Amino acid sequence: MAVAPPATGVPIEVHGLTKHFGRVHAVQGLDFVVQPGRVTGFLGPNGAGKTTTLRMLLGLVNPTAGTATIGGQRYRDITLPLHQVGAVLEATSFHPARRARSHLKMIAIAGGIDNSRIDQVLELVGLSGDAKRKVGGFSMGMRQRLELAGALLGDPGVLILDEPSNGLDPQGIAWLREFLRHLAGQGRTVLVSSHLLAEMAQTIDDVIIVAQGQVRALGTLASLMSATQSAMRVRTPEPDRLQAVLLSVGLTFQREGHDIVTIGGVGPEQLGPLLAAHQVVVYELTHQGINLESLFLSLTAGLGYEASPVGRANPPVQVWAPMPQDQAPPGPVAPGPVAPGPVAPPGRRPAHAAPDPTATWAPPPTQPPIPPTPPVPPPETPSGPPSGNPQ
Amino acid sequence: MIRVARAELLKLRTTPGPWVVLGVSLVLTALGVLGAFVSGRAHGPAFRAPVTVDQLRDLVGSGYLGEALLMTPILGVLCITAEYRHKVITTTLLNTPRREQVLVGKAVASVIWGIFMCIAGLALVAAMGLPWLSAEGGSVSALLRQVGPVVPGLLADFALFALFGLGIGILLKNQVAGVLVTIGGTFIIEPIVYQLFRHLLQIDLDWLPSMAAASVAGGLTRGNGHGSSQMVMLSWWTGALVLLAWGLGPAVIGYFTTFRRDVT
């Protein structure tokens, strides 16, 4: 059986993607690019058009207009697609009487994948002991793991996951988070939709927020957070000196008590160096920036949770411009440009640099070949908590 | 394409539906053989072992192709509708995004499984009928000489009937509807329609599915609803083309109407 060489991550590009189901406009002119080496979160309320978008990307739903390509090709035009793209769409796509191993074998045969991969992915997702069990007896979490195993069979360079943590226990979620970071660290493209915002905040590098079938915001998570109004709370024995420093750089602040100052419109990346430069003694520095959930809610507030019928669509609140195709790096987008950091090593967050108007795009680093099997510990024995996301 | 067909065959092997269809067809086959011998004995000492095509048809035809063959379309229906029922169609189309390739793969798998059912049935007939025939003093060699020429047609019948069921399944997508249409159509509606046209309008609808199947098998089978001796049959190749059309027609219509629809 022919085995293709390991796939490398390629960009996912969506341009003007539109889908109408009769009078319902499920997706309306989506534009975004998902870069390799990044975990990109695809967020939106129920009925926002996330699943429809992913299904159009995978050739299951025909777009009314626009294009959705993976590495410049439509999914249905890719030869041996399972070697390039792995997808987890729903944890119910199983015949209940079929055994887990047979399910994966069926995929392997159709995808031109060597049978030896079956045992590898079963072990990877922690289902080796259940390979001969019928899927009908699986829990939701086990089905989700099996679905993920199927997506990984071809060792693809692109992973598209729709609510992959549904049904997973906390251990499984932690493992998945590490695993996705690991895959992105290898240079693969990871696009994941989820409604678990706190969970996503710990996982993703870039974010696309959609509501009513339209993009509401997109960019790096760091730039989104930084550019959104946030505040820093500082406890210091030198509040007057701090006040003078803040006035000198034009930051707004508010005194709270004799030793606490709250500074608006700034994040830790900006304030920390400022305080250090002026040698202000600090007892406590607390970031009061908004989290992903509050950002999400602020961007989708009042939009309703259903797809918009004709003539009812709210105008999109375009917080960031779509990623420019000719210079889209594995980093943020204008107007909050941030120099792209290096691709994160497995299991570690990339550095989220502070917004810097003078920063310029750097070419993405050359990705090394992807080894055939990511050495990720099974879900029962996660390798430890991931590093947190700066907020 | 070979990969897709192999995957489809694996799907059939790893779910109970096709095995149940095979089991029911074998039971019907066994009952047919038993019925033929028991009714033959009832004729008393005058009973002669079957040595002609007509007698052979009386021996196995009623059970084997009258009912067992007509189970085959259910296999074709299951081959496609089970995918929609259990949402496996999503996985299938992710594996093989080109839908026409999926259909061709399913057609090949259905044909192979249909042939497998036919061979299994023939083996059962031989296992039951030949010793019984010998015990009754019949000529096994004479029987085999009669069977030989009709076996290829028999195999073709099973293959084409599986294809017929697949076409209905592609068109309807719904498992219950597909099974009801194939069973009801061939067991109930076809005999009634045939008789109505034959007796009221003096028209022989020899292009109906089981009639076409009878032609392909060279008279081994009996069309539903009428005596074999009066049967007007197509030539074997015409019958094969008609039966193929019964499969391809719904499949092509289904491909352009239902199968290309969005999978949501």
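Reader: Why are α2(A) and α1(B) called roughly antiparallel to each other?

Author: Happy to walk you through this predicted model. The axes of α2(A) and helix α1 (residues 2–13) of chain B cross at roughly 165° and come within 7 Å. Angles over 145 degrees count as roughly antiparallel, and therefore α2(A) and α1(B) are described as roughly antiparallel to each other. Their crossing is left-handed.

Reader: What makes the contact of α2(A) with α1(B)?

Author: From α2(A) come A:S102, A:K105, A:M106, A:I109 and A:A110. From α1(B) come B:R3, B:V4, B:R6, B:A7, B:L10 and B:K11. Sorted by class, the residues of this contact are six nonpolar, one polar and four charged.

Reader: And why is α2(A) called oblique to α3(A)?

Author: Here helix α2 (residues 100–111) and helix α3 (residues 116–124), both of chain A, pack at an angle of about 130°, and their axes are 10 Å apart. Roughly perpendicular covers 65 to 115 degrees and roughly antiparallel begins over 145, with the rest, apart from angles under 35, counted as oblique. That value makes α2(A) oblique to α3(A). The crossing of α2(A) and α3(A) is right-handed.

Reader: Which residues of α2(A) and α3(A) meet?

Author: A:R101, A:L104, A:K105 and A:A108 in α2(A) meet A:R117, A:I118 and A:V121 in α3(A). By class, that contact of α2(A) with α3(A) has four nonpolar, no polar and three charged residues. Notice A:K105, which is named in this contact and also in the contact of α2(A) with α1(B).

Reader: How many residues does the contact take from chain A and from chain B?

Author: Chain A gives 30 residues and chain B gives 24 residues. On the side of chain A, the largest share comes from α2(A), with seven residues. By class, that side of chain A has 15 nonpolar, nine polar and six charged residues.

Reader: Why do β11 and β13 of chain A stand at the edges?

Author: Their open sheet has four strands in the order β11-β12-β10-β13 (chain A), with antiparallel pairing. β11 (253–256) and β13 (284–287) of chain A each have a single partner strand, so one side of each is left without a neighbour in the sheet. From one strand to the next, the twist averages 20°.

Reader: How many bridges join β11(A) to β12?

Author: Four bridges join β11(A) to strand β12 (residues 260–264) of chain A, and the strands run antiparallel. A:Q254 stands opposite A:T262 in β12(A). Helix α8 (residues 239–249) of chain A packs on this sheet, touching β10 (231–235), β11 and β12. The direction of α8 makes about 15° with that of β12(A).

Reader: Where does pLDDT stay under 50 in chain A?

Author: One such stretch is residues 304–391, for which the model has 180 contacts beyond four places in sequence. Another is residues 1–6, with 10 such contacts. Where pLDDT is low, the predicted coordinates should not be read in detail. Chain A has a mean pLDDT of 74, and 72% of its residues reach 70 or more.

Reader: Where is confidence highest, and where lowest, in chain B?

Author: Within chain B, α1(B) has the highest confidence, at 93, and helix α3 (residues 53–85) the lowest, at a mean of 73. The mean pLDDT of chain B is 81, with 83% of its residues at 70 or more. For the complex, the predictor gives an ipTM of 0.82 and a pTM of 0.73.

Notes: Residues are numbered from 1 along each chain as its sequence is written. Chains are lettered from A and ligands numbered from 1 in the order in which they are written. This is a predicted model: local features need pLDDT of at least 70, side-chain atom pairs count only at pLDDT 80 or more; totals for chains, interfaces and linings use all residues. Axes are lines fitted to C-alpha atoms, for helices over the stretch in contact, and angles run from 0 to 180 degrees between N-to-C directions. Helices (H or I, at least four residues) and strands (E, at least two) are DSSP runs, numbered from the N terminus. A crossing is left-handed if the near helix is turned anticlockwise from the far one by less than a right angle, and right-handed if clockwise. Two residues are in contact if their C-beta atoms, placed from the backbone, lie within 7 Å. Ala, Val, Leu, Ile, Met, Phe, Trp, Tyr, Cys and Pro count as nonpolar, Asp, Glu, Lys and Arg as charged, and the others, Gly among them, as polar. pLDDT is the predictor's confidence in each residue, from 0 to 100. Two strands pair if DSSP finds at least two bridges between them.
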